[in-house]
Amino acid sequence: MHVAYYKNKVIYLPNCERSSWQQLYMASIKQELTCIHCHTPLKMELGILKPPSFTHVQATNECIEAASLMTKKFTQHHINLNEKQNVHSDSGFSIPKRRSISSSVEQNEIENWKEPEQVRAIPNFNEKKATTGHLALNPYREKLQKSGIYLDNQQWEAVQTTEGPLLILAGAGSGKTRVLTTRTAYMLSELNYSPKELILVTFTAKAAKEMKERMRLYPGLNRQTLNQLVIGTFHSIFYKMLMHHDPQRWSPSNLLKQDWLRQAMIKEAGRELNLDEKEFAFDQALTQISWWKNHLMAPEKIKGKDLFEERVVYLYKRYEEMRKAQNAFDFDDMLLGLYELLHENDRLLKRYQQRFSYVSVDEFQDINKVQVELITMLSDRTKNLCVVGDDDQSIYAFRGSEPSYILNFKERYHNTKMVILSENYRSSHEIVSSANNVIHTNRQRYQKQLHAQTSTHSPPLLFYPFDEEEEATMIVTDIKKQIETGANPEDFAILFRTNTAARALIERFISSSIPFQLDADGDSFYQRKAVRKILAYLQLGINPDDGHALTDLIGALFLKQETVQEIKAASITNNCTFVEALPLIKGLKPFQTKKLQTLPTKFKQLKEKSPIDAIAFIEQEMGFSEYVKKNGNEGNKMERGSDDVRDLKVVARQHDTIEDFLRHINHMTIKFDELRNQKANPNSVQLMTIHRAKGLEFKHVYILSTVEGGLPHDYALEAWRDGDDKPLEEERRLMYVAITRAEDSLKISIPLMRRGKKAFRSRFAREIQRIAPEQAHKSRERNVANGQGIHD
């Protein structure tokens, strides 16, 4: 059904602008769309696979006939209109223009709806399974298989290589954890190595726990042996070493465990620079300080590249002074402390080198400078260092990791043996091939290609929502239909580049009955600095005595927080509202006073405007654009205040009044806080950033906002335009990681609009439709096998 009654008139869906579909969908949720005959509420279907339509659950023959007649009426009107438009005058004669053979209704639907498309660049599937070798050749391998532990020949080669430097390039889903645990079990039970000689370092406590649990399943290993084995994260292992040698200095009571403890220190230092606590990006400052510490960069050796970095260098210097004065330490100091201890105490270093003769490191592509230096020091005596990783999954540059450590491993350890695990046991052939298509474009990588074990004959799907709001609706509708047909919520994951990209999605799930889990740090989108200030303008437009809004607003007027008390005092003295008291502030420069004098009138004008017009008025007439230009991106190249404002406008377009807009935001903010505090439900749809999804797998995966500026991110495109392609290559690795989380199905969203402007399909979405050259792959694979050709 394509006709409905809405706002006292009949609407015809093919005639509706694409930008209005989401509003119509929300109207159907509120039961504002009704049948033109019986006025029963209609449901609007807005999904991924087919054009939208209205559904009448209890339609009678009369309802169907009325809808059919009205559809014919609209169709005929459209045809008549086209015929008039298709005739033009030429030298006094009327000549009909050429017209499409297809009906006007179909034509109109094609113009409004963009069909989803499958990934076509999929090579033929080779059903040959990864070989598991000849059982008779090795009794231990046969014993493993009887215990249900199977290894392919590449994995078995890695397991048997126990001496000297070993680089295991483990592609996504290739069983790297199994290889690491089996190799350790082989060394303990078959080669009779002492468990005290071995150390296995992981990046997460979860990975360490998983390894310990798996080790218990191996034949020939007992609890006593496993209890002597050192398995843990960098921080847990190295902190224990520090505790052993200086328990008083490194007492847990001295740890700055919470971020607020560290922030309190740098905020105290910030007051020495007169930095406004509500305006300066102290969280970004802490991130930058951590990055410097992990790169072994002391504050006195750093020269800030801009005003923000110059300030952070000062905060870093004072933070270190205050921390040491309190005998406190943070998580970064655990690694720095051991590095300094071993660097200064050669005798102690040699003891640890003798103790740990065999060092293994998981996720080596994520390693940073201080970690690589520590591992090098520990393994320097024997060179028995086994590292496992995938340069194509190096995605933590913001933490200090670099793919160069894994790419240059063979240069650092000249006798390195390299084993490539290229068999993927997670994803279908169609998904693996799509991942290969994308990642092969990167130049700074080992040239290799994954191979799948199964085919679902269902290629990944590219679909085209209008914008962020419609994108969220389409995905939730798609998941809901699959759950209704037997799928479990836990089968689904939705991945996004940044937390702000998921704003509409979170709101749609909150309004749905589908259980979901949000794995993300930080506050609600509406608590972001620029957004809070825009909302403060709107709130004061409705209630000029809103004290909370005044506190949020004050920075946008380039006033200090102390001014709030002066405004409140002036309001009492002059018996006026907070907004009316703004021009009464004393001691300002003439241009500031002049600006404040215009604000009370402008706040009154806000109330009568629609939300989207009000935001434009705040930007252009009330000076907010100037604030964003000066303060919207301080210290944060990833998330700009101006982008937040554009995102807010997307929400604003869905509401008719400021009151309704603010009610929606208040409701979503409360629900978001409830969501953060609720207990985890294992059978939930998972919403997370691509970074958080690394190492996980799901039957069905959706990737949000695969457009230029979204994925890849704007900052990477800017760096690329300036001649630096490293960030863009990391964005491509992020896309690769996102794709390879999917087991059975993958749907990639490519919105037509983003932040209110026309969006352009991501280069990654174009690359996925170009098959990775097979001949080039074979040549490069031979080079890798010979230890050559790391770079193109």
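Analyst: Let us begin with one residue and its contacts. This is a predicted model. Leaving aside neighbours within four places in sequence, Leu687 is in contact with Ile494, Phe496, Leu505, Ile506, Phe509, Phe516, Gln517, Leu518 and Asp519.

User: Which residues have the most contacts inside the largest nonpolar core?

Analyst: Leu687 is one of them, along with Ile494, Phe509, Tyr537, Phe603, Phe624 and Leu648. This core has 92 residues. Helix α21, residues 529-542, gives the most to it, with 8 residues. A second, separate core has 44 residues. Among them are Ile199, Ile237, Val361 and Val372.

User: How are strands of a sheet held to one another, and in which senses can they pair?

Analyst: Strands of a sheet pair through backbone hydrogen bonds, either parallel or antiparallel. Here, β17 (residues 492-496) and β19 (residues 685-689) pair in the parallel sense, over 4 bridges. Ile494 has Leu687 in β19 as its bridge partner. β17 is also joined to β20 by 4 bridges, again running parallel. In that pair, Leu495 has Ile703 as its partner in β20.

User: What lies on from β20, and which residue stands opposite His700?

Analyst: β20 pairs with β21 (residues 742-749) in the parallel sense, over 5 bridges. Ser745 in β21 stands opposite His700. β20 spans residues 698-703 and is mostly covered, with 5 of its 6 residues buried.

User: Where do side chains point in a regular strand?

Analyst: In a regular strand they alternate between the two faces of the sheet. Take β9, residues 198-202. Leu198, Leu200 and Thr202 are on one side, and Ile199 and Val201 are on the other. Both faces are covered, and all of these residues are buried. With 5 of its 5 residues buried, β9 is largely enclosed by the rest of the structure.

User: Which strands pair with β9?

Analyst: One is β11 (residues 358-361), which runs parallel to β9 and is joined to it by 4 bridges. Leu198 has Tyr358 as its bridge partner there. Another is β10 (residues 230-233), also paired in the parallel sense over 4 bridges. Thr202 has Thr233 as its partner in β10.

User: Is Glu469 buried or exposed?

Analyst: The cut-off for buried is under 20% relative accessible area. Glu469 has 4% relative accessibility, so this residue counts as buried. Its place is in helix α19, residues 468-484.

User: Which side chain makes a polar contact with the side chain of Glu469?

Analyst: Arg508 does, at 2.6 Å. Not counting residues up to four places away in sequence, Glu469 touches Arg508 along with Gln22, Arg503, Ala504, Val650, Val651 and Gln654.

User: Where does UniProt place the feature "binding site"?

Analyst: The UniProt record, an unreviewed entry, places it at Ala170, Gly171, Ala172, Gly173, Ser174, Gly175, Lys176 and Thr177. Such an annotation may be inferred rather than shown by experiment. Let us read two of these positions. Ala172 is found in the loop between β8 (166-170) and α6 (176-190). Gly173 has its place in the loop between β8 and α6 too.

User: Are Ala172 and Gly173 buried or exposed?

Analyst: Ala172 counts as buried, at 1% relative accessibility. Gly173 is buried as well, with a relative accessible area of 17%.

User: Now the whole chain. Into which domains is the protein divided?

Analyst: Domain 1 is 3-77, and domain 2 is 151-248 + 334-421. Domain 3 is 256-328. Domain 4 is 461-515 + 681-778, and domain 5 is 526-667. The centres of domain 1 and domain 3, taken over C-alpha atoms, are separated by 58 Å.

Definitions and conventions
Residues numbered from 1 in each chain as written. Predicted model: local features only at pLDDT ≥ 70, side-chain atom pairs only at ≥ 80, totals over all residues. Heavy atoms only, no water. Pairing = 2+ DSSP bridges. Helix = DSSP H or I, 4+ residues; strand = E, 2+ residues; numbered from the N terminus. Core = buried A, V, L, I, M, F, W, Y, C linked by side-chain atoms within 4.5 Å. Buried < 20%, exposed > 50% of the residue type's maximum accessible area, 1.4 Å probe, protein only. Contact = heavy atoms within 4.5 Å. Polar contact = N/O pair within 3.5 Å; in protein donor to acceptor, adjacent residues only side chain to side chain. Domains from an automatic or database assignment.
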